[in-house]
Amino acid sequence: MRKNKRKQSITTQYIRLIGIFAFAFIIGLVVLLGYQKYIHNQYAETNKHLQEKEAAAHQLERTFNQIFFEMRGYLAFDNITMRNKALQLEDDTTELILLLKKAAVTEEDLLFISEVSDFQSYYFEVFIPELLTAYETEANSDKSIAMNIAQQNGTQRVNELQSSMSSYTNAVDSHILENFKKYSLKQTISQWFFVVFLFFMLGMLATFVRFMFKRLGTPLSELAAAAEEISLGRDIVTFPQNDIREDELGTLSRAFEKMIRSIQENEQNLVAQNEELIAQQDELHVQKDELEFALNKIQVNETNLKRRNDLIKSLSTSLNKTDVLQNIVENFSRLLNADHGLIATTDLNIEYAAFGLSDEEIKQYIYHQYSGIIQRLYKTKQAFTIQRKCTPEEKGYHVSELYCYDFYIPVLSADNELVALMTFTRFANTFTKQEIEEYTAISKQISLSLERIRLFEESEFNRLLTQDMINTLHEGVQLVDDKGTILQENTIIQKLFIVNPITMVNESFETWSTKILPSIEDGAALMCFLKTIISDGTPQQSTHTYHITSPVKRVMQVYYEELYRGNKKYGTLFVHRDITKEYEVDQMKSEFVSTVSHELRTPLSSVLGFTELMLNKDLKPERQEKYLLTIYQEAKRLTALINDFLDVQRMESGKQTYEKKFENLLPIIHQVIDMYNENEPDHIFQIQKKTANTTVLGDNDKLIQVFNNLINNAVKYSPAGGEIKVVLYEKEHSLCIDIIDQGLGIPEEALPNLFTKFYRVDNSDRRKIGGTGLGLSIVHEIMKAHEGTVSVTSILRKGSRFTLTFPLVESKATEEKVRNDFQSFSLDDSVHVIVIEDDKNLASLLTTELEDNGFHVLQYMQGDAGMEAIKKYKPDTIVLDIMLDESGINGWEILEQVKHDSDLQDIPIIISSALEEKEKGFKLGASEYLIKPYPPHKLSSTILQTLLIKEKSGQILVPAKTES
Ligand code: ADP
């Protein structure tokens, strides 16, 4: 039981003590406050009583004084009201006396009350009646008797009463004062008690706190000291108050001690373990060093493997020989830690790659590839190393003797042929036997790779050869597999359908057909044809003809060949042939046949009909004449028709000759119009001349033919008549002539074909109008030969405008002068032309043509001889072929030399070549460029034109030589 009490927790103890203290404090406080309340109540009660008494006494005093005053007034002034008021106040006095009686406590009070009661009885029962009787019964003269009575008997008693009343009120006042003093004293005493109580309680509190600090603080600071000792690493032998105290601090202290003891114990264990760990750590260090060493070795091996891997990879990934050789030499040098390295092939086009070597060093190596030390590789086909002193460049800043090691490795093919050589150099480190064996083995891989590249190059060469071959074909070629995917194609097929051609190889049928479809008219039929063949079907026809609408209009025919390997079909070859020309010829043929059948038959049938009539019938002479005239006109029409046919034929084949002279067009136009003026009354002809320069260089007959054809058409296709206007004007250095009619006009879609042979507008309103469709094509050809053009604009049912343009030739004076000059050239042989042409026949043809036109010609077949002659004779013009005998200089070189020679550069050069390189020619300074074949007369006219232009620009006035 006792032990339990001792074991009470320190907190419970302190709470209990605080409770007792608080209880005592509250009890003390309640007692003191109660006492205070008590004395206060006591005082208040007494005071109230005394106050009431005092008030009643004072009131009584005042009432008696009032009565006395009233009575005296009555007596003095005989005022009945005052007597009555005095008598009325008697009741008040009775009441006040009763009040006093109730409040009476002391003997003094009782005495005073009896005194006052006596006086009241006396005054109102004895004195007043007496007085009143005396005063009211007596005559006025006797009122003094009454006054005397009042004075003798009353005054004394009244004075006595007043004095006793005043002494009584004074006594009551002093009782009140005394009561207050008593109360003040008690208050002071109680306050003193309160102060003493407070001090007592404070003292108690201070003692308690001090006790508490002593009980808690001391053991805590002892514990803190002990903890500090432990933290400083000192041993604690004893713990204070451990045994004595049973409270929390005791428990805490004991637990702390226990903990410290166990920590100390653990520390010892830990120290032991630590020592063991340090030993293990040392061991681990040793192992780590070993592992690091092994790891380094592995890393070196890994790097080597990686490099080897890179090398092998580079051998297999690229098929570019230069890249592969460069990769080999770099990777090998890295693998070997070599400072320089070089690999070179042994074939005729030696290819090589180097690492760390200058161009000069590489050149030297390649130069001595078949001699010196490298020769050893060729002989032995074995790798070897050489130790040598380093060259001063290799030594860098080292002055002592240094050695370098060269490692020569042969790269051998499968049949032991030396295909490449490798040499690597390492400073100061010799190559081990193991390295030599290892890298000799790797060199086998290199030979395989080089062999692979050789095979690839060979097959690539063959592929390109095949591609080039199929590219040179005029047909578009597509090789597709059994699903229609393109395996191979040529460039022609790409250009056929698309403006900016791109390859369609490897594209599926759907992809490439979608690309080309927009350019094809009725593409669905073509695709159906192709699809049938690809999917092994048999098309209705072995070929298919289709039209391409863009980028260039063409008519194409596709045929196919199936390709087999053994019995298995692996693809189909589509060949797209451009048959535009054939198609056009075909078209033309049928047009020609229909024209001929119509145009020839009609006049022929009338010739035959009329001749028959004339033969079988007897006709009158006038009839005969009429029929003969018709026969003559129809025969003329036939002749004109046949002439047209022949003209076209001649012009197209370049066989048409033109006799060009300076011709004024005005008389020609007049001459043609005159032919129609008379016979066509419905048509009004008009010529407008808006330029003075109406001269052209041309063939008179052909010019008449041009105007005749155009004016004839204007008349023919204006069946209702109307105005036909010919306007001559200048525009952009050309002489232009418009032939304008108000006829049927030409539909827009017909305009592009108008100048094609046999083309006629097929239209109901002109079907009756005869024609061959040759007139405009003849005009076109003639204008071409005159370096001019013909064009047309037309509005249907409104009329047409045909426009001719000729190169402008200035005024008549110039014309005549030129004509004279030309004649004098011809007469005097004054224009010297050197012709350089290696084709014997062509050279003689051109010479004849030029000589026929009065030029003086020197002809050379070789470039060098020609150049010599140019320098020597300084001709007026040179006619130059480009492709000349290979042994000498070619045309381009002659052109360049002439144009760079200040003495010769003004000589006009006319290139006459089959090469279509006009742009280049003009760039180098040629005056004209004629592409073979061209009609020979074109050369003479071109020379003349050129000289004319030159003369006009003031560069040359021809007869310098004539004069000399
Ligand atoms: P044709 O012998 O048919 O007249 P052309 O070559 O002279 O042959 O003319 C070709 C076609 O051009 C004609 O069939 C005609 O329909 C049209 N044509 C030519 N000139 C005119 C014109 N002035 N007015 C209307 N149509 C014309």
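Predicted model: local features only at pLDDT ≥ 70, side-chain atom pairs only at ≥ 80, totals over all residues.

Numbering starts from 1 along each chain as its sequence is written, and side-chain values use heavy atoms, with hydrogens and water left out.

**Ligand**

Then I went through contacts to ligand oxygen atoms. A backbone N or O atom of Gly 773 sits 3.2 Å from one, and for a backbone N or O atom of Gly 775 I noted 3.3 Å. In Tyr 717, a side-chain N or O atom is 2.8 Å from an oxygen atom of the ligand. How much of the ligand's area does the protein bury? Taken alone the ligand exposes 530 Å², and the protein buries 98% of that. The areas are Shrake-Rupley values with a 1.4 Å probe; for residues, only the protein chains shown count as cover.

**Helix H17**

Helices here are DSSP runs of H or I with at least four residues, strands are runs of E with at least two, and both are numbered from the N terminus. H17 covers residues 665-677, and I checked its length: at 1.5 Å a residue its 13 residues should span 18 Å, and the end C-alpha atoms are 18 Å apart, which agrees. The expected span is 1.5 Å times one less than the number of residues. For burial I used under 20% relative accessible area as buried, over 50% as exposed and anything in between as partly exposed (1.4 Å probe, protein chains only). The buried residues of H17 are Leu 665, Leu 666, Ile 668, Ile 669, Val 672, Ile 673 and Tyr 676. They cover an arc of only 160° around the axis, which puts them on the same side of H17; the arc is taken from the directions from the helix axis to the C-beta atoms. An α-helix has 3.6 residues a turn, so residues three or four places apart point the same way. What caps the N-terminal end of H17? I found Asn 664 there, with a side-chain oxygen 3.2 Å from the backbone nitrogen of Leu 666.

I counted two strands as paired if DSSP finds at least two bridges between them. E13 (residues 683-689) and E15 (residues 722-731) pair in the parallel sense over seven bridges, and Ile 684 has Glu 723 in E15 as its bridge partner. E15 also pairs with E16 (residues 734-740), this time antiparallel and over seven bridges. Tyr 729 is bridged to Cys 736 in E16. The E15-E16 hairpin has two residues between the strands, and Glu 732 takes a positive phi near 45°. His 733 is in the loop between E15 and E16, and its phi is also positive, about 60°, although it is not a glycine. His 733 counts as exposed at 72% relative accessibility.

**Strands E17 and E18**

Which residues are on the covered face of E17? In E17 (residues 789-795) they are Val 790, Val 792 and Ser 794, while Thr 789, Ser 791, Thr 793 and Ile 795 make up the uncovered face. Seven bridges join E17 to E18 (residues 799-807), and the two run antiparallel. Ser 794 stands opposite Ser 800 in E18. E17 and E18 form a hairpin with three residues between them, and Arg 797 in the turn has a positive phi of about 65°.

Ser 190 is in H5 (residues 143-231) and is buried, with a relative accessible area of 2%. Its side chain makes a polar contact of 2.5 Å with the side chain of Gln 36. Leu 32 is in H2 (residues 10-77) and counts as buried at 12%. Leu 32 and Phe 193 are 161 residues apart in sequence but 7.6 Å apart in space, C-alpha to C-alpha.

Conventions: Polar contact = N/O pair within 3.5 Å; in protein donor to acceptor, adjacent residues only side chain to side chain.
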